[in-house]
Amino acid sequence: MEYAKVIEHLNRALSIEYSAVIQYCQHSALVEGTDRMVYEKFFDEASLEARSHAKKVSDWIVSLGGVPTIEAARILQSTEVTEMLRQDLKTEMEALQAYKDAHAAVKGESPIKYLLEEQIMLEQQDVWEIEKFLAMHKLSVKTKTIDLAAS
Ligand SMILES: [Fe+2]
Ligand SMILES: [Fe+2]
């Protein structure tokens, strides 16, 4: 079948999206302290986003002649917010890779390629956002001294 490999990668992506739904939902419930003010909403919205991605990918799989999986991938748990974010980053990176693999498996110029490009972009943005929460891009910005007395 023309799309067998693509469907295989999409089903892996779907399993990861299902695990992300549950993982983010639990993180949203478990986060405590002042971190809760930011991350309860962030995790909850990320869970809903993963659910919408799961439906989208399921529809693509059926359109390509496959059956969407009902198995979730491994779910990572923690009660500590930095560890939660590290776990979520791992999950987002795995999803990103699954979509990239699906994209690479598309033969010719099938329109599914463009749908996958959009999805890769969305997952990359999720990865970048969590990397920023984890302060992984700490840059050294030159400070500029302004002499108030001179003006
Ligand atoms: Fe996703
Ligand atoms: Fe994502």
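**Helix packing, aromatic pairs and an iron site**

In this predicted model, helix 1 and helix 2 pack with their axes 8 Å apart, at an angle of about 155°.

Me: Are helix 1 and helix 2 roughly parallel or roughly antiparallel to each other?

Reply: The angle between the two axes is about 155°, and angles over 145 degrees count as roughly antiparallel. The crossing of these two helices is left-handed, and their contact has 16 nonpolar, six polar and five charged residues. Helix 1 and helix 2 are therefore roughly antiparallel.

Me: How many residues apart in sequence are the parts that the pair of Tyr 24 and Phe 42 ties together?

Reply: Seven aromatic pairs are counted in the model. In one of them, Tyr 24 and Phe 42 sit 6.5 Å apart, centre to centre, with 90° between the planes, which makes the pair edge-to-face. Because Tyr 24 belongs to helix 1 (residues 4-30) and Phe 42 to helix 2 (residues 36-63), the pair ties together parts whose separation in sequence is 18 residues.

Me: Which class, stacked, tilted or edge-to-face, describes the aromatic pair of Tyr 24 and Phe 43?

Reply: Tyr 24 is buried at 2% relative accessibility, and Phe 43 is buried as well, at 0%. The centres of their rings are 6.2 Å apart and the planes make an angle of 35°, whereas stacked would need under 30 degrees and edge-to-face over 60. The pair of Tyr 24 and Phe 43 is accordingly classed as tilted.

Me: Which residue coordinates both the iron ion (ligand 2) and the iron ion (ligand 1)?

Reply: The protein donors of the iron ion (ligand 2) come from Glu 92 (OE), Glu 123 (OE) and Asp 126 (OD), lying 2.1 Å from the ion, and they follow the spacing E-x30-E-x2-D along the chain. The two iron ions, ligand 2 and ligand 1, are 3.2 Å apart, and the residue that coordinates both is Glu 123.

Me: Where do Glu 123 and Asp 126 lie, and are they buried or exposed?

Reply: The two residues are three positions apart, about one turn of the helix, and both belong to helix 4 (residues 112-133). Because buried means under 20% relative accessible area, Glu 123 at 0% falls in that class, and Asp 126 at 16% does too. Both residues thus lie in helix 4, and both count as buried.

Definitions and conventions
Residues are numbered from 1 along each chain as its sequence is written. Chains are lettered from A and ligands numbered from 1 in the order in which they are written. This is a predicted model: local features need pLDDT of at least 70, side-chain atom pairs count only at pLDDT 80 or more; totals for chains, interfaces and linings use all residues. Side-chain values use heavy atoms; hydrogens and water are left out. Donors are N, O and S atoms within 2.8 Å of the metal (3.2 Å for Na, K and Ca); water is not among the atoms, so sites may look incomplete. Helices (H or I, at least four residues) and strands (E, at least two) are DSSP runs, numbered from the N terminus. Buried means under 20% relative accessible area, exposed over 50%, partly exposed in between (1.4 Å probe, protein chains only). Rings of Phe, Tyr and Trp (its six-membered ring) pair if their centres lie within 6.5 Å; planes under 30 degrees apart count as stacked, over 60 as edge-to-face and the rest as tilted. Axes are lines fitted to C-alpha atoms, for helices over the stretch in contact, and angles run from 0 to 180 degrees between N-to-C directions. Angles under 35 degrees count as roughly parallel, over 145 as roughly antiparallel, 65 to 115 as roughly perpendicular and the rest as oblique. A crossing is left-handed if the near helix is turned anticlockwise from the far one by less than a right angle, and right-handed if clockwise. Ala, Val, Leu, Ile, Met, Phe, Trp, Tyr, Cys and Pro count as nonpolar, Asp, Glu, Lys and Arg as charged, and the others, Gly among them, as polar.
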